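Hello,

Here is the structure we talked about passing on. Please look through it; my notes on what was found follow below.

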Amino acid sequence: MRPLTDEETKTMFEKLSKYIGENIKLLIDRPDGTYCFRLHNDRLYYMSDKILKLATNISRDKLVSVGTCFGKFTKTQKFRLHITALDFLAPYAKFKVWVKPGSEQSFLYGNHIMKSGLGRITENTAQYQGVVVFSMADVPLGFGVAAKTTQECRKVDPMSIVVFHQADIGEYIRSEDTLT
Amino acid sequence: MASCSVEDVLAKAERDEAEKLKGITVNKELDLEFDPGNLLAFDKNRIDTREFKDGKREDFLRSLARDNTQLLINEIWKLPTERVEEVIVAKLPEPTTLLPREKPAPKPKPPTKWEQFAKLKGIQKKKKTNLVWDEVHKEWKRRWGYKRAKDDTKEWLIEVPEKADPNEDQFAKKNKAKKERVARNEYNRLKNIARAQKIKVPGMGLAPTPKQSKAELAQAVNIAKISTASVGKFQDNLPKEKKPKNTGKRRKFQPLIGDFSSEKQKQLDLLKVMDSKKPRLDITKAVNKQMREEDMEARQKNKKDFGKKGQRGKMSGKGKGKAGGKGKGQGPKGKGRKPQMKQGKR
């Protein structure tokens, strides 16, 4: 386990700010305790300092996971966000997309969201903006990338994709081996 | 006198003969086992402990040794002889007794890097033919070695690739690459041997080779300099010696449980810097404004001719998508784009 270098922190913040914008400050600076990011086996974990101190007592090869895994750094130092970060991104999300109950299932299986399944979308969403996907009952389902701006979404035909799928909570079942 | 002398002589001769024979013949209860190859004789006869009483012991042992040696030499005389430089030599057969090992049994060699990898992946060795059909020369050639089938360095024509420098010598490049591969292979072979024998190999450039480049010599000098008890702190520099570029560890990380507040502060500062570098988000506004304008135009046009309404609406959607796509290609993040809306306009 080690703390992040400056470049890694930068990459990670850039990725996170795509979804939560400047609310990253609320993740770093929390009133209810000091939380920190640590890297272990190329995966990024977010944990409180108490858990960190406990984790130092476990040897590296035996340590599987600490706190919450936000994502991992690939071999070429790009940061991929995993679904396990959803609990922290959802409350701070700047741009949200609500999906109709009919196509919730489709999204949870890993498909993109089409215009026909789109319930609501926050105003002024830019194209290719990171969005958090919610069900109509405000349950966070995952995140994605807006394929069209809000204005465009109104005009486009019902069969075109409006949100690209990136991660959904169905992955907890589909790829439970790879999530830590 | 004469008669008794003759008798005496004869008797003496007989006695001598008997003694000689007695010398050669040895009576033993059990026959000895011989291994003439090792000049070895096993005597399994029982020894009478009465012979070992004081006084008689030495004599007994001497006579026993003499008898057994006599028998062994009798055995040797039975072997085929040959004459080597005026000396009669007996030809010893192959030794039959198995002698135990002089030195301990050799330990199995540790597997090489490739062998470890192959075992891990389950790669089996495939038998390959020695000769390969060379289509170019229309004959059977070796798979590797002298005059092999596909010799990279022997091509008579090499096309210069598009991205390469036109003045570069492609032939020399191939030869150099071949030499580097050979050198690397040799180095890896030696490393395998060193790993097997647990010898420490000096790093690249430290084991002196006949031709060392300037860089290698400089590296050797630097390493020699820090190989003192105080890690080179009190070594004087040579008049024109340059300091080595990457000293010490290559990567240094912050301690795991450093000062949390300073870490937090650093991250917040980083965020502030990132925020200031981002362009102000008028992209969406510009896009939306553009689209509203187009909508208005479209509505006006529709008032003029009804038939083309659907097409207009569709085209505007398509144009937006193209412009947006081009814009995304430019900047890494959505916010970094410049508004190039005019491109998509018909």
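Cys36(A) stands opposite Met47(A), which lies in strand S2 of chain A. The model is a predicted one. The two strands concerned, S1(A) and S2 (residues 43-48), pair in the antiparallel sense over six bridges. Together S1(A) and S2(A) make a hairpin with two residues between them, and Asn41(A) in the turn has a positive phi of about 55°. Strand S1 (residues 35-40) of chain A is mostly covered, with five of its six residues buried.

The aromatic residues come next. Over all chains there are 11 aromatic pairs. One of them is formed by Tyr19(A) and Phe143(A): the centres are 5.1 Å apart and the planes make 55°, and the pair is tilted. Tyr19(A) belongs to helix H1 (residues 6-20) of chain A and Phe143(A) to strand S9 of chain A, so this pair links distant parts of the chain, 124 residues apart.

Another pair is Tyr46(A) with Phe70(A). Their ring centres are 5.2 Å apart and their planes stand at 40°, so this pair is tilted as well. Tyr46(A) is in strand S2 and Phe70(A) in strand S3 (residues 68-73), both of chain A; the pair links distant parts of the chain, 24 residues apart. Tyr46(A) is buried at a relative accessible area of 2%, and Phe70(A) is buried at 0%. Both residues belong to a cluster linked by ring pairs, which joins Tyr35(A), Phe37(A), Tyr46(A), Phe70(A) and Phe88(A). On Tyr35(A) there is also a charge: the charged end of Arg30(A) sits over the ring, 4.0 Å from its centre. A further case is Arg120(A), whose charged end sits over the ring of Trp98(A), 4.0 Å from the centre.

Which residues does Leu27(A) contact, leaving aside its neighbours within four places in sequence? They are Ile20(A), Tyr35(A), Tyr46(A), Phe70(A), Phe88(A) and Tyr92(A). Leu27(A) counts as buried because its relative accessibility is 0%, where the cut-off for buried is under 20%. Tyr92(A) is 65 residues from Leu27(A) along the chain, and the two C-alpha atoms are separated by 9.2 Å.

The last item is a sheet. Six strands of chain A form an open sheet with mixed pairing, in the order S6-S10-S9-S8-S5-S7. Its edge strands are S6 (113-114) and S7 (118-121) of chain A, each of which pairs on one side only. Inside that order, S9 (residues 140-146) and S10 (residues 161-168) of chain A pair in the antiparallel sense over five bridges. Phe143(A), named above for its ring pair with Tyr19(A), has Ala167(A) in S10(A) as its bridge partner. Helix H5 (residues 101-108) of chain A packs on the sheet and touches strands S5 (96-99), S6, S8 (130-135), S9 and S10 of chain A. The direction of H5 makes about 80° with that of S9(A).

Regards

How values were computed. Residues are numbered from 1 along each chain as its sequence is written. Chains are lettered from A and ligands numbered from 1 in the order in which they are written. This is a predicted model: local features need pLDDT of at least 70, side-chain atom pairs count only at pLDDT 80 or more; totals for chains, interfaces and linings use all residues. Side-chain values use heavy atoms; hydrogens and water are left out. Two strands pair if DSSP finds at least two bridges between them. Helices (H or I, at least four residues) and strands (E, at least two) are DSSP runs, numbered from the N terminus. Contact means heavy atoms within 4.5 Å. Axes are lines fitted to C-alpha atoms, for helices over the stretch in contact, and angles run from 0 to 180 degrees between N-to-C directions. Buried means under 20% relative accessible area, exposed over 50%, partly exposed in between (1.4 Å probe, protein chains only). Rings of Phe, Tyr and Trp (its six-membered ring) pair if their centres lie within 6.5 Å; planes under 30 degrees apart count as stacked, over 60 as edge-to-face and the rest as tilted. A charge sits over a ring if NZ of Lys or CZ of Arg is within 6 Å of the ring centre and within 35 degrees of the ring normal.
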